[in-house]
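Here are my notes on this one, as numbered points. Have the coordinates open while you read.

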Amino acid sequence: MKFLVCISNVPDTTTKITFTPDNKEFNKAGVQFVINPWDEYALTRAIELKEAQGGGTVTVLNVGEADTEPNIRKALAIGADDAIRVNAHPKDAFFVAQQIASIAKDGGYDAILMGKESIDYNGFQVHGMVGELLGIPTVAPAMKLDMSGNTATLEREIEGGKEIVEVNTPFVASCQQPMCEPRIPNMRGIMTARTKPLKVVEPTADAARTEVAEYALPPKKQGVKLIPAESAGELIKLLRNEAKVI
């Protein structure tokens with residue numbers, strides 16, 4: 001079975017966010033980048049399923065520039081067999097989905113897995129777009145994934161509960177906890193990752209559909225106002241006029 005696992009390169013969760021002077025781009029200076037944590041669930045589960053089946057391949061796919069390669073190598077160290085990097089800045093969700101679909105359509109992959117969203121934009125968009133572009137089912141967000149032959153059984157969250165679905169390959173799934181326990185690379189994995197294939201391809205000519213007008217930081221938190229219990233009217237006035245929540 002062939003798995004294609006899509007990973008994003010995102011700022012570490014402890015990063016202090018700043019923007020370029022024109023507020024149109026994220027300022028990468030001094031920022032540590034990591035594999036998107038949601039994508040680690042997809043990667044680890046694909047490796048587990050390959051191992052359980054006693055064969056198959058796990059290919060990692062990233063849409064990004066050369067500075068993403070250290071984290072691609074980390075994915076290889078965790079256990080992926082090979083990697084593909086589309087040499088392009090990930091302009092927007094649709095552009096990324098187009099690049100993934102372009103690689104996947106001729107690759108003969110049985111399952112295309114990715115995290116439910118990236119922790120920088122939290123878009124929850126790419127998996128659905130990829131499934132639509134390829135004309136195959138998409139299950140999101142999946143908390144469990146098991147394979148039996150060409151049939152996948154997935155458990156996903158729905159409002160007020162969960163839903164168990166079956167789908168035949170090929171399919172797309174976005175992943176989240178508690179699908180598995182994400183792995184960390186061991187020394188053997190780090191050493192072998194250096195020689196695993198990493199293919200760089202140029203992007204398709206598709207243009208982005210959106211453009212960033214401006215980034216802005218959220219307003220700073222204001223001081224807490226304590227209202228005496230007997231002053232309910234004043235509290236209501238503040239909630240309506242200042243907090244604007246009622």
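1. Contact here means heavy atoms within 4.5 Å. By that rule, and leaving aside neighbours within four places in sequence, Phe171 is in contact with Asp110, Ala111, Ile112, Leu113, Ile136, Pro137, Leu145, Met147, Ala152 and Leu154.

2. Some housekeeping. This is a predicted model, where local features need pLDDT of at least 70 and side-chain atom pairs count only at pLDDT 80 or more, while totals for chains, interfaces and linings use all residues. Residues are numbered from 1 along each chain as its sequence is written, and side-chain values use heavy atoms, with hydrogens and water left out.

3. On to the cores. A nonpolar core is a set of buried Ala, Val, Leu, Ile, Met, Phe, Trp, Tyr and Cys residues joined through side-chain atoms within 4.5 Å; buried means under 20% relative accessible area, exposed over 50%, and partly exposed in between (1.4 Å probe, protein chains only). The largest core has 37 residues, and Phe171 is among those touching the most other members, along with Leu43, Val58, Leu113, Leu145 and Leu154. Helix H1 (residues 37–53) gives the largest share of this core, 7 residues. Another core, of 22 residues, lies apart from it and includes Cys6, Val86, Ile112 and Val172.

4. Helices (H or I, at least four residues) and strands (E, at least two) are DSSP runs, numbered from the N terminus. Helix H3 (residues 93–104) is worth a look: 11 of its 12 residues are buried, so it is largely enclosed by the rest of the structure. Its buried residues pack against strands E1 (2–6), E4 (57–64), E5 (82–87) and E6 (111–115), as well as H4 and E11.

5. Is His127 buried or exposed? At 5% relative accessibility, His127 counts as buried. His127 is found in helix H4 (residues 126–134), and beyond its sequence neighbours within four places it is in contact with Met114, Lys116, Thr138, Ala140, Val172 and Ser174.

6. Lys116, already met as a contact of His127, lies over the face of Trp38, 4.5 Å from the ring centre. Lys91 does likewise over Phe95, at 4.7 Å.

7. Which peptide bonds are cis? One runs from Thr169 to Pro170, with omega near 0°, and Pro170 is in the loop between strand E9 (161–168) and strand E10 (171–175). Another joins Gln177 and Pro178, with omega about 5°; Pro178 lies in the loop between E10 and helix H5 (187–193).

8. Positive phi in residues other than glycine: Asn23 is near 60° and Lys244 near 55°. Asn23 is in the loop between strand E2 (9–11) and strand E3 (33–35) and is partly exposed, at 27%. Lys244 lies in the segment after H6 and is exposed, at 63%.

9. Last, Lys221. This residue is in the loop between strand E11 (198–201) and helix H6 (232–241), and its 84% relative accessibility is why it counts as exposed.

Conventions: A charge sits over a ring if NZ of Lys or CZ of Arg is within 6 Å of the ring centre and within 35 degrees of the ring normal.
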